[in-house]
Amino acid sequence: MKRFHVHVRVADLGSSVAFYSKLFGAAPARQESDYAKWMLEDPRINFAISSRGGEPGVDHLGFQTDSAEELVAMKAQAESADMALADEGETTCCYARSDKYWVTDPQGLAWEHYHTLGNVPLFSMPADDAAKPAEAAACCAPAPKAVAVSAAGCCPPASAGKSSCC
């Protein structure tokens, strides 16, 4: 079964965690200094917030699958609809190791489709070395035009378009 995913950038993580915890009636399933995630069952949603990059607002939407087979089926649907895919394969971002790809809707809104493979201790790190942080690990939604990775992290600079880490 798939789970709907929403990622929102926030200006103040603490007040946002307090707000969403009350709204959802539950504490985050995972919370870091710059990130929080709720894995809700009713409605079935993976709702994440972060204080990384860009202006506050909806960063991206997506679907988290429960199996690799579901991800393959979703990818086939996207390909049959002639959607441009940015396939990252196995990567790390948002304190997780995942197999993922991105599609962009006609308005330029990024949709992340992924299957989580496990947790990692940092927001982003190289998939082949879970012990050291990455300066430029892939974890960003594709920008409407070009995707350029900044030296300061895994996300394109604000001038490259609306895009951020997951």
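1. Basis of the values. The model is predicted, so that local features need pLDDT of at least 70 and side-chain atom pairs count only at pLDDT 80 or more, while totals for chains, interfaces and linings use all residues. Residues are numbered from 1 along each chain as its sequence is written, and side-chain values use heavy atoms, with hydrogens and water left out.

2. Overall fold. The chain has two helices and eight strands, taken as DSSP runs numbered from the N terminus (helices H or I of at least four residues, strands E of at least two). Along the sequence these elements follow the pattern β-α-β-β-β-β-α-β-β-β. Of the 166 residues, 46% are buried, where buried means under 20% relative accessible area with a 1.4 Å probe and protein chains only. Among contacts (heavy atoms within 4.5 Å) between residues at least 6 apart in sequence, 53% join residues at least 24 apart.

3. The sheet. Eight strands form an open sheet of mixed pairing, in the order E2-E3-E4-E1-E5-E8-E7-E6, where two strands pair if DSSP finds at least two bridges between them. Strand E2 (30-32) and strand E6 (85-93) are the edge strands, each of them pairing on one side only. Neighbouring strands of this sheet are turned by 20 degrees against each other on average, direction ignored; the axes behind such angles are lines fitted to C-alpha atoms, for helices over the stretch in contact, and angles run from 0 to 180 degrees between N-to-C directions.

4. Strand pairs. Strand E1 (residues 3-9) pairs with strand E5 (residues 57-65) in the antiparallel sense over seven bridges, and histidine 7 stands opposite histidine 60 in E5. E5 and E8, by contrast, run parallel and are joined by five bridges, with leucine 61 having tryptophan 111 of E8 as its bridge partner. E7 and E8 run antiparallel and are joined by nine bridges; here tryptophan 102 has glutamate 112 of E8 as its bridge partner. The hairpin of E7 and E8 has five residues between the strands, and in this hairpin glycine 108 takes a positive phi near 95 degrees.

5. Helix H2. Which strands does helix H2 lie across? Helix H2 (residues 68-80) lies across E5, E6, strand E7 (96-104) and strand E8 (110-119), and runs at about 15 degrees to E7.

6. The cavity. The structure holds one cavity of 30 Å³ or more, a cavity being a set of points on a 1 Å grid over the protein atoms alone where a 1.4 Å probe fits but cannot get out. The largest cavity contains about 110 Å³ of space, the volume being that filled by probe spheres set on the points, which are joined across faces, edges and corners. Its lining has 14 residues, of which Tyr35, Cys93, Cys94, Ala96 and Tyr114 are the closest to its centre; lining residues have an atom within 4 Å of a point. E3, E7 and E8 each supply at least two residues of this lining.

7. Threonine 65. This residue is found in strand E5 and is buried, with a relative accessible area of 2%. Leaving aside neighbours within four places in sequence, threonine 65 is in contact with Met1, Lys2, Glu70, Leu71, Met74, Tyr114 and His115. The C-alpha atoms of threonine 65 and phenylalanine 4 are separated by 8.9 Å, although these residues are 61 residues apart along the chain.

How values were computed: Buried means under 20% relative accessible area, exposed over 50%, partly exposed in between (1.4 Å probe, protein chains only). On a 1 Å grid over the protein atoms alone, a cavity is a set of points where a 1.4 Å probe fits but cannot get out, and a pocket is an open set with protein on both sides within 12 Å along at least five of seven lines; lining residues have an atom within 4 Å of a point.
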